[in-house]
Amino acid sequence: QFTLFRVAKIRSVIQTNTNFNFNENILEFTKYIQTPFSKYSSNFKNELIPIELEIDKSKVPYFEIKNFLPSQKIIDRKENGNLILSYVVTQEIEIEELIKKWIPYIKIIKPITLEQKIKSDLIVWINK
């Protein structure tokens with residue numbers, strides 16, 4: 001089991017005589033933590049989710065100068081000036097807020113489940 005905690009929320013530390021058992025898999029997982037929503041499982045590498053987004057040409061400069069998540073990679077520049085980016089996340093919620101912040105300048109290419117989730121969230125919000 002792996003749990004993320006915020007250092008600012010620690011109230012006290014108690015030293016014990018218990019030995020810490022080092023887990024290489026958890027150490028490897030820490031390289032994939034991008035947000036507080038990163039999700040650990042013992043098989044996390046096989047469960048990583050590839051994401052592809054298309055950024056409207058009017059907002060491309062923002063994505064060229066800043067990686068909004070550490071896994072952000074430019075994979076294509078379209079003739080119309082749009083940018084295709086890839087990300088790798090442990091669960092879709094890691095990238096949902098980024099996408100919502102850039103609506104309507106962002107298009108989800110894959111996975112389709114993420115596109116459906118964002119559309120569903122928008123419909124709920126519009127109907128409130």
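# Reading a predicted fold

Tutor: Start with one residue. Glu-54 is buried, with a relative accessible area of 10%. Buried means under 20% relative accessible area, exposed over 50%, and partly exposed in between, using a 1.4 Å probe and protein chains only.

Student: What kind of model is this, and how are residues numbered?

Tutor: This is a predicted model, with residues numbered from 1 along each chain as its sequence is written; local features need pLDDT of at least 70, and side-chain atom pairs count only at pLDDT 80 or more. Totals for chains, interfaces and linings use all residues, while side-chain values use heavy atoms, with hydrogens and water left out.

Student: Where does Glu-54 lie, and what is in contact with Glu-54?

Tutor: Glu-54 lies in strand 1. Helices (H or I, at least four residues) and strands (E, at least two) are DSSP runs, numbered from the N terminus. Contact means heavy atoms within 4.5 Å. Set aside neighbours within four places in sequence, and the contacts of Glu-54 include Lys-78, Asn-80, Asn-82, Tyr-105 and Ile-109. Phe-22 is another matter: 32 residues away along the chain, with 40 Å between the C-alpha atoms.

Student: Ile-55 is also in strand 1. Is Ile-55 buried or exposed?

Tutor: Buried, because its relative accessible area is 0%. Beyond four places in sequence, Ile-55 touches Val-60, Phe-63, Asn-82, Leu-83, Leu-85, Tyr-105 and Ile-106. Take the pair Ile-55 and Ile-106: 51 residues apart in sequence, 4.8 Å apart in space, C-alpha to C-alpha.

Student: Zoom out. What pattern does the protein chain follow?

Tutor: Along the sequence, the pattern reads α-β-α-β-β-α-β-α. That comes to four helices and four strands.

Student: What is the radius of gyration of the protein chain?

Tutor: This value is taken over C-alpha atoms; the globule rule is 2.2 Å times the number of residues to the power 0.38. A compact globule of 128 residues would come near 14 Å, but the protein chain has 18 Å. Along the principal axes, the C-alpha atoms fill a box of roughly 60 × 35 × 25 Å.

Student: How do I read a helix against the rest of the fold?

Tutor: An α-helix has 3.6 residues a turn, so residues three or four places apart point the same way. Now helix 3, residues 93-101. Its buried residues are Glu-94, Ile-95, Glu-96, Leu-98 and Ile-99. Their cover includes strand 1 (49-55), strand 3, strand 4 (106-110) and helix 4 (112-127).

Student: Where is Gln-91 found?

Tutor: In the loop between strand 3 and helix 3. Gln-91 counts as partly exposed because its relative accessibility is 27%. Not counting residues up to four places away, Gln-91 touches Phe-37, Ser-38, Lys-39 and Ile-49. Ser-86 sits in strand 3, residues 83-89. Ser-86 counts as buried because its relative accessibility is 16%.

Student: Which residues do the cis peptide bonds join?

Tutor: One joins Ile-103 and Pro-104, with omega about 10 degrees. Pro-104 is in the loop between helix 3 and strand 4. Another joins Lys-110 and Pro-111, with omega about 5 degrees. Pro-111 is in the loop between strand 4 and helix 4.

Student: What lines the largest pocket?

Tutor: The general idea uses a 1 Å grid over the protein atoms alone. A cavity is a set of points where a 1.4 Å probe fits but cannot get out; a pocket is an open set with protein on both sides within 12 Å along at least five of seven lines; lining residues have an atom within 4 Å of a point. Here the lining includes Thr-35, Phe-37, Phe-68, Glu-94, Leu-98 and Trp-102. The largest pocket holds about 150 Å³ of space.

Student: How many cavities of 30 Å³ or more does the structure hold?

Tutor: One. A volume is the space filled by probe spheres set on the points, which are joined across faces, edges and corners. The largest cavity holds about 40 Å³. Lys-39, Tyr-40, Ser-41, Phe-44, Glu-47, Leu-48 and Thr-90 line the largest cavity.
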